[in-house]
Amino acid sequence: MEIQTADLLFVPNQHHDMDEAIAASTGNYVHVAIALDSEHVIHASPRYGVVKQTLAVFLDESHQVDVYRPKIQNSAGIIERALEFEHRPYNFSFYKDDSGIYCSQLVTIAFKHVINFDEEPMQFGDDERQISKFWSDYYLKLGVDVPLNQLGTNPNKLATSDQLQLIGTI
């Protein structure tokens, strides 16, 4: 399969602690990257912040990804907007006003005016009122309140957009 510019690469739960917590709150996809071209991606990760990587390195670290192709005529501006955030730190708090960026936040910003990915109230447990022990401990260490029910995005929700088409797994 040939990766194309602006394809989205969704990473399923790899069963690390953070992956498990994200999957329990939002669904199976726990990370997403944007293809810059057939050999490079950009993504926001806790390990690197916003980073440009070769597809080979990304796949080596992700093991398996589902590739979704945007149903758009023109990808002009998407890559340029994403690259504006290269070297920014990761947004560990998931608050909108944080100086960092999280993965689905980067995608939403990059695709602005091309695909409208709806924000929804963020969940940190099995339902909109519950906060799991993982997230309670996580935010206690960060020293900020859990942004429960504040608007945000997540990879699993992005993947449900009718503007994306699953083209395969690599």
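The buried residues of helix α4 are covered by elements that include β1, β2, β3, β4 (49-54), α3 and α6, where helices (H or I, at least four residues) and strands (E, at least two) are DSSP runs numbered from the N terminus. The model is a predicted one, in which local features need pLDDT of at least 70 and side-chain atom pairs count only at pLDDT 80 or more, whereas totals for chains, interfaces and linings use all residues. Residues are numbered from 1 along each chain as its sequence is written, and side-chain values use heavy atoms, with hydrogens and water left out. Helix α4 is mostly covered, seven of its eight residues being buried, that is, under 20% relative accessible area, with exposed meaning over 50% and partly exposed in between (1.4 Å probe, protein chains only). These buried residues are Cys103, Ser104, Gln105, Leu106, Val107, Thr108 and Ala110.

The largest nonpolar core comprises 39 residues, of which Leu8, Phe10, Ile34, Phe111 and Trp135 touch the most other members; a nonpolar core is here a set of buried Ala, Val, Leu, Ile, Met, Phe, Trp, Tyr and Cys residues joined through side-chain atoms within 4.5 Å. Two or more residues are given to this core by each of β1 (8-12), α1 (17-26), β2 (29-35), β3 (40-45), α3 (78-83), α4 (103-110), α5 (133-142) and α6 (155-159). A second, separate core has 10 residues, including Ala33, Ala35, Phe58 and Val65. In soluble globular proteins, nonpolar side chains tend to be buried together. When neighbours within four places in sequence are left aside, Leu8 is in contact with Val32, Ala33, Ile34, Asp66, Val67, Tyr68, Val107, Phe111, Phe117 and Leu164, contact meaning heavy atoms within 4.5 Å.

Helices α1 and α5 pack at an angle of about 120°, with their axes 10 Å apart; the axes are lines fitted to C-alpha atoms, for helices over the stretch in contact, and the angles run from 0 to 180 degrees between N-to-C directions. The two helices α1 and α5 are therefore oblique to each other, given that angles under 35 degrees count as roughly parallel, over 145 as roughly antiparallel, 65 to 115 as roughly perpendicular and the rest as oblique. The crossing in which α1 passes α5 is left-handed, a term used if the near helix is turned anticlockwise from the far one by less than a right angle, and right-handed if clockwise. At this contact, Asp17, Met18, Ala21, Ile22 and Ser25 of α1 meet Phe134, Trp135 and Tyr138 of α5. By class, the contact of α1 with α5 has six nonpolar, one polar and one charged residues, where Ala, Val, Leu, Ile, Met, Phe, Trp, Tyr, Cys and Pro count as nonpolar, Asp, Glu, Lys and Arg as charged, and the others, Gly among them, as polar.

Within α1, the buried residues are Met18, Asp19, Ala21, Ile22, Ala23 and Ser25, and what covers them includes β2 and α5. Helix α1 is followed by Gly27, whose phi is positive, near 135°. Gly27 is also touched by Asn156, which, not counting residues up to four places away in sequence, touches Thr26, Gly27, Asn28 and Tyr29. Asn156 lies in helix α6 and, at 18% relative accessibility, counts as buried.

Most residues other than glycine have a negative phi, and most peptide bonds are trans. Ala6, although not a glycine, has a positive phi of about 80°; this residue is placed in the segment before β1 and is buried, with a relative accessible area of 1%. Asn149, likewise not a glycine, has a positive phi of about 70° and lies in the loop between α5 and β7 (151-152), where Asn149 is partly exposed, with a relative accessible area of 39%.

Among the other loop residues, Tyr95 is found between α3 and α4 and counts as buried at 17% relative accessibility. With neighbours within four places in sequence left aside, Tyr95 is in contact with Val144, Asp145, Val146, Pro147 and Gln150. Ile131, in the loop between β6 and α5, counts as partly exposed at 32% relative accessibility. Under the same exclusion of neighbours within four places, Ile131 is in contact with Phe124, Ser136, Val146 and Leu148. The C-alpha atoms of Ile131 and Val146, 15 residues apart along the chain, are separated by 8.2 Å, while those of Tyr95 and Ile131, 36 residues apart along the chain, are separated by 16 Å.
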